[in-house]
Amino acid sequence: MAQSFQEWMSIALQQHRGEEILNLCMICWSLWKYRNDIVWNQKGAEFVEVVASAIQVLDHWKNAQDRSFDSSFRFMTLTDGDVHWKQPQEGTIKVNTDAALFEDSNCYAYAMVARDHRGSSSCGDSSLVNRGCDDVTSVASGNVPSSRNEESVTSYSDVRERFYLPVNVTDVSKPNINQSFQSLDQAFVFYKDYGRLSSFDVRKGTEKKDAFGTITFKHYTCSKEGSNEFRSISDSNSSNVKRRRTASTRCCCKAKIVLKLNKDRQYFVFKFDEVHNHPLVDESGRQFLRSSREMTVSSRNFVFDAAKVNIGCSKAYGLMKEMVGGYSNVGATLRDFRNFNRDLKEYVGERDGQMLIDKFKVFQESSSSFYYAYELDEAGRLTKLFWADAISRRNFEVYGDAVSFDATFDTNKYNMIFAPFTGVDKHEKCITFAACLLSKEDVTHYKWVFDQFSTCMGRHPVVIVTDQCPAMKIAVSSSLSSKNGLVATKHRLCMWHIMQKFPIKLGNRLCKETDFMEKMKKYIWSTHLEIADFEQGWEAVIKEFNLENDKWLTDMYAIRSLWIPAFFRDEPMFGLMRTTSRSESENFFFAQFHRQADTLCEFWLRFQSAMERQRNETKRLDEESKSSFPTTLSRWFIEDDAADLFTRTVFYRVQEEILAACLDMQIKRMSEEIDGVTNFEIKDVKVKEKIFKVSVSKDHAVCSCKKFVMCGIVCRHSLCGMKQIGVTRFPRSLLLNRWSKIADSGSSCDMISTDYLKMENVSLKLMNIWFDFRQVLNKAGLQMEALEFVHKTVKQLGSEVGGGCTDGGGFLKKDHLASLIGDQPQGEITVLVPNVSKNKGNYFKSTRLISEREKAITKSKKRIRKCKECLATTHDSRTCPKKKLQK
């Protein structure tokens with residue numbers, strides 16, 4: 001009976017021969033394998049599984065080689081069965097061997113390494129055997145790498161170099177000698193796909209042409225072919241040129257494919273070398289190969305569409321990762337996304353102004369209602385640009401009585417100011433009538449804009465609200481006057497801008513620590529006061545706080561007719577009186593889309609995206625008003641009638657007036673009906689010491705509060721009088737068309753043709769295809785058979801649609817950029833890009849005037865510098881008094 005495994009094995013080798021020894025060795029190997037599963041994975045196995053595994057591996061080994069098996073156990077020790085490597089005794093060398101079988105390629109590889117008692121490797125050897133062809137032998141350094149790519153086979157035979165052979169690549173995907181291709185591009189795509197599957201990158205190499213310029217030989221090589229020129233440290237230091245720190249990937253790899261032109265004008269594989277002299281990337285690094293990082297048509301569209309809603313490359317890359325299920329499935333890196341954005345700007349370049357004007361010409365050809373105008377300076381550079389499409393002009397016909405005009409900054413790389421014309425629609429939302437880009441904020445530029453606005457719209461607005469810009473004031477009085485036969489526009493100043501200046505001009509202590517602002521707002525904001533009441537209240541507050549000599553308040557009082565509501569109670573304002581929720585809200589809205597580095601073409605695309613969001617919100621509110629009926633709160637039939645007439649938002653305001661008419665009104669006097677008109681004196685319990693005079697008939701009502709004139713909403717005093725005389729149907733004379741559900745039905749402006757929106761339709765189709773494909777993958781789930789079927793079907797569709805050529809069926813990158821942002825102008829460029837402007841509101845202007853308030857805010861954000869000796873903030877350690885005393 002044997003006392004140890006070594007003794008038992010020696011006896012077995014002496015008693016058995018040939019096939020029996022092979023079976024015995026393989027069973028021992030299988031026992032060792034399953035023993036490791038028990039130790040490391042806690043996974044057991046039956047005896048039948050151990051024997052079956054040994055027989056199967058032995059069969060594979062026999063098929064892979066036809067050499068005799070030999071083995072020696074003279075150096076076997078009792079510690080050889082341990083899992084962890086243990087050092088041998090001093091003066092001895094321990095040899096470890098291992099082997100691998102590759103059934104798909106019908107080959108096996110084995111290797112050994114010898115280490116001394118210190119663990120250092122002194123020699124190594126390995127071989128790779130492939131049935132049917134010569135052995136691929138390679139030379140290796142003594143140290144075997146700690147991690148080896150499972151996709152490659154490493155072979156060693158001496159101590160100078162090592163070779164790597166791609167495996168697990170099907171014969172269909174691998175190039176073969178004499179394989180033919182219709183073109184070089186088709187061959188390059190095939191070899192690049194082979195490189196992606198084999199985990200290496202490829203690039204185009206040298207070529208040979210005949211006398212007619214036709215390529216007869218073409219090399220496609222591994223990306224690590226060749227070598228970089230060696231530059232010594234002394235040479236690099238001697239140069240004053242700052243160089244980037246880069247790493248070389250060239251290692252003289254010989255893997256390549258050589259194509260030759262035959263008599264049939266086709267290219268066939270003349271030579272194919274598949275052995276590499278460098279490790280191939282593993283599975284986790286395959287996504288970073290250039291062959292795996294390709295900005296396809298769909299990914300470019302995604303980056304472009306994301307940019308139109310002000311989503312940058314980083315966020316777009318993150319969104320793409322979530323959509324496709326991981327970074328490895330994106331097919332590109334963040335750098336590729338940013339490079340595409342860079343290429344887009346380079347494509348536009350100095351053609352920026354010309355491309356935008358050419359685009360406007362196409363729009364005007366598609367729709368005669370699209371209006372634009374521009375002007376150039378003496379050098380041919382764009383200085384002024386105005387535009388309005390058919391929808392904007394139609395909206396002005398309905399809602400253009402009151403317009404707000406304000407300038408925004410930092411919306412493009414040229415610092416041109418962007419100024420939209422804003423109004424209020426039937427849902428009390430901001431609506432854009434037109435827009436312009438100006439290089440300067442002077443009278444000439446503003447006058448030109450207002451002239452173009454009048455020409456485009458065919459009439460002047462009743463009221464225009466601006467800030468206190470002196471240039472705007474002069475331009476409005478000049479361009480929007482009655483000299484051209486149109487009704488003159490009344491100019492009003494934005495109350496919000498003026499009220500924001502009170503703490504700045506008068507001080508925070510007066511405005512925030514006293515009741516000055518509360519008393520002042522009582523007379524400024526009230527829409528019920530007469531002019532005499534306002535002036536009396538203003539003087540009382542000024543006298544109470546001793547502000548008679550304040551110059552700024554005196555100036556504001558001098559122009560009170562331009563911003564105090566008491567002076568324009570007879571003018572329609574429709575929510576633009578304060579403009580805090582109009583111009584400023586519109587500026588904030590556009591700021592969500594535009595960026596300071598945008599070109600004009602990018603600015604226009606973002607502007608269109610902003611308009612689409614604004615108009616889509618209007619459609620949503622239209623549908624809500626048409627498809628639902630709001631809840632009524634009174635028993636008065638006029639409320640039900642108003643719910644049918646007004647939009648949802650405006651009805652809620654009318655409903656408040658109806659409830660107040662029923663609950664908060666007191667009738668002080670009522671006259672007899674004369675010619676169908678009844679006069680009332682009504683007191684609002686929420687407005688003290690104020691009596692409102694109302695004349696009411698069944699079809700009309702007039703009130704001294706003049707709310708209907710200013711806002712277009714019937715007041716509670718008129719409704720109270722109508723309730724007293726028994727009106728049950730809302731008077732149509734008190735229903736302005738701008739607040740009705742059908743306000744914009746019927747217009748003289750035709751809609752824009754959709755011929756030029758071909759790319760938008762293509763983008764929509766691509767998105768639908770993408771989401772349909774995602775649904776198919778979701779149905780397939782984790783079922784391998786279903787995923788294989790989907791993969792096979794997709795590859796078949798790819799071969800049928802693209803013919804195996806380039807991305808997008810010959811759709812070049814330049815063509816794609818042209819379809820996204822427009823064709824480059826042909827011939828001489830007549831519209832040059834604008835100069836970078838320096839306007840008063842531009843934050844980046846170095847010479848602009850900075851207020852004391854802005855200086856204080858900027859200073860408060862800075863880190864306070866303290867003395868290191870005494871921690872005081874009035875000096876530093878160099879001038880510290882404490883330090884001087886110590887000396």
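These legends go with several close-ups of a predicted model.

Residues are numbered from 1 along each chain as its sequence is written. In this predicted model, local features need pLDDT of at least 70, side-chain atom pairs count only at pLDDT 80 or more, and totals for chains, interfaces and linings use all residues.

**View 1. The whole protein chain.** DSSP runs give 29 helices and 21 strands (helices are H or I with at least four residues, strands are E with at least two, numbered from the N terminus). Of the 887 residues, 42% are buried, meaning under 20% relative accessible area with a 1.4 Å probe, protein chains only.

**View 2. Strand 10 and its partners.** Strand 10 (residues 267-273) runs antiparallel to strand 6 (residues 180-181), joined by 2 bridges; pairing takes at least two DSSP bridges between the strands. Here S180 has F268 as its bridge partner. Strand 9 (residues 256-261) also pairs with strand 10 in the antiparallel sense, over 6 bridges, and K256 stands opposite D273. Look at the hairpin of strands 9 and 10: 5 residues sit between the strands, and R265 takes a positive phi near 60°.

View 3. The order is 11-12-15-14-13-16-17, with mixed pairing. Strand 11 (371-376) and strand 17 (490-493) are the edges, each pairing on one side only. At one end, strand 16 (residues 463-466) and strand 17 pair in the parallel sense over 4 bridges, with T466 partnered by L493.

**View 4. Helix 9 on the sheet.** Helix 9 (residues 352-366) lies across strand 11 and strand 12 (382-388), running at about 150° to strand 11 (angles run from 0 to 180 degrees between N-to-C directions, with axes fitted to C-alpha atoms, for helices over the stretch in contact; contact means heavy atoms within 4.5 Å).

Definitions and conventions:
Side-chain values use heavy atoms; hydrogens and water are left out. Buried means under 20% relative accessible area, exposed over 50%, partly exposed in between (1.4 Å probe, protein chains only).
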